[in-house]
Amino acid sequence: AIAMIMSYRIYGGDAKDAYAHSPPPERPTFVAIDDAYAEWYEARFGTPIDRSMVLPVQHALQGHPESGRIWEHHINHLLCSSEFQFRSTTHDRSIYRGDFQGTPIFLLRQVDDFALAVPSEDVAKAVFATIGKLLQLPSEKEPPFSYLGLLHDFNGVDVHQFRDRTVLSCATYIDRVLRTHMWDTPSANEHADSTKPGTPIPADSIPAMYSTPGPAEGTPDHEHLVQRHGFSFRSLLGELMYAYITCRPDIGYAVVTLSKFASSPSDFHFQMLKKIAKYLRRTKHWGIHFHRSIDDPTLPLCPHEHASVDASLPPFPQPESVSQLTGFVDAAHANDLRQRRSTTGFAFMFAGACISYKCKTQSLTATSSTEAEFYATVSAGKHARYLRSILSELGFAQATATPLYCDNQSAINMINSRIPTDRSRHILIQYFAVQDWKEHGDIILRHIPGIINPADDLTKPLGWVLHSRHCRRLMGHF
């Protein structure tokens with residue numbers, strides 16, 4: 001999102017044998033000589049090795065409990081050196097802002113994989129070449145770093161950089177999951193209209209989902225279900241969960257709700273989980289679209305068309321600037337039918353699409369829809385403060401309070417105007433900290449009609465029209 005605001009491109013890099021280029025464990029460590037090493041040594045040097053000796057460990061070892069921490073400390077020390085002056089954000093150590101020859105640059109690191117946002121390829125090559133030299137050992141002839149060029153994928157997420165936007169999707173990952181289960185070929189009678197691919201789960205599926213408990217894991221009846229459906233419930237649930245957390249907020253409510261039944265899924269739960277997979281097959285090219293502030297004419301045109309806006313709807317609220325953080329929050333009252341808990345859903349948009357989103361069952365039982373919305377707003381307020389902190393350290397400090405759009409006016413009044421109600425006197429005092437966050441200028445609650453509140457899609461199953469409207473708004477398709 002920041003790369004799009006800066007009109008930067010994103011380039012990839014990979015550190016080779018990261019642990020082998022890290023310092024050794026703090027405690028002196030030695031390994032015994034086995035047959036394979038003895039044979040290699042004799043073939044290499046022509047003389048047998050004394051098997052009574054041990055070998056000192058001079059670098060971090062794959063599998064050693066300290067290796068991850070050692071590499072993390074080592075690479076951070078290099079990145080924060082005078083060559084780059086990178087500084088990671090306080091609350092997310094994998095995001096960095098640096099300065100290279102007077103140019104602000106941004107780095108995302110996942111262990112030894114690097115995504116670098118810079119204004120030109122020359123800067124990317126120079127940065128990665130310098131990182132490689134800093135990692136290079138005296139015995140090596142070439143730096144242990146691969147330059148991957150314009151970024152196309154990052155940890156299972158497809159990255160498509162176009163003239164006016166960058167699209168994050170997981171089509172490749174979805175294809176791999178579908179092939180694993182042999183679901184990659186649609187059936188002859190499957191709905192082929194790509195403009196109406198349906199919904200992850202039916203809008204009326206909640207009563208059946210909670211009223212049909214299944215056999216416990218490990219029982220013969222559960223194994224019979226697994227054999228009949230041809231997949232492990234937990235395995236497919238985990239595969240779909242990865243798609244959700246990376247770039248598919250549209251399956252959030254369905255996946256989170258079905259995860260509640262992972263220990264005893266019924267036949268209906270198996271059917272619903274497979275339905276989500278089929279929905280992803282029909283929409284595998286959907287992704288999150290971050291829009292450039294200035295088009296890059298050297299990149300290809302985006303083949304995805306904008307979703308059409310219904311002119312009969314109220315106007316959707318727009319940010320004051322491209323770099324303003326905007327949040328949307330909603331709650332569905334008592335739709336967890338086991339304990340009558342409510343569901344919180346919120347999303348934050350930046351550069352035209354969501355950068356963070358969440359669907360979660362509330363930990364307390366709300367006695368009214370206003371109370372449920374209030375709890376949801378508190379959760380969203382916490383997340384807003386977290387994101388504001390990260391953006392500030394990256395050079396995008398929010399000059400004004402972050403607007404949180406909510407469709408419950410009573411909850412808004414409780415926070416903005418500190419107006420108590422008979423229905424709020426029993427709420428634990430800790431939740432009223434959200435009123436202080438408003439007074440401090442961190443957040444401001446604003447009203448949005450429920451019919452255009454995109455967070456609604458994270459709280460309940462919807463019909464196709466509402467689901468498409470809300471989720472595609474979150475993903476920046478408009």
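I began with His477 and found its place in the segment after helix H14 (464–474); helices here are DSSP runs of H or I, at least four residues, numbered from the N terminus. The model is predicted: local features need pLDDT of at least 70, side-chain atom pairs count only at pLDDT 80 or more, and totals for chains, interfaces and linings use all residues. Residues are numbered from 1 along each chain as its sequence is written, and side-chain values use heavy atoms, with hydrogens and water left out.

I looked up the exposure of His477: the residue is buried, at a relative accessible area of 3% (buried is under 20%, with a 1.4 Å probe and protein chains only). I then listed its contacts (heavy atoms within 4.5 Å). Beyond four places in sequence, His477 touches Trp286, Gly287, His289, Glu305, His306, Ala307 and Arg472. For Gly287, I noted the backbone oxygen 2.8 Å from a polar atom of the His477 side chain.

Next I checked His383, which lies in helix H11 (residues 369–393). Its contacts, neighbours within four places aside, are Phe346, Phe348 and Ser356. Phe346 is 37 residues from His383 along the chain, and I noted 9.3 Å between their C-alpha atoms.

Last, I turned to helices H8 (residues 233–247) and H10 (residues 267–282), which pack at about 35° with axes 11 Å apart. The axes are lines fitted to C-alpha atoms over the stretch in contact, and angles run from 0 to 180 degrees between N-to-C directions. From H8, Phe233, Leu236, Leu237, Leu240 and Ala243 meet His269, Phe270, Leu273, Lys274, Ile276, Ala277 and Leu280 of H10.

Technical notes: Helix = DSSP H or I, 4+ residues; strand = E, 2+ residues; numbered from the N terminus. Buried < 20%, exposed > 50% of the residue type's maximum accessible area, 1.4 Å probe, protein only. Polar contact = N/O pair within 3.5 Å; in protein donor to acceptor, adjacent residues only side chain to side chain.
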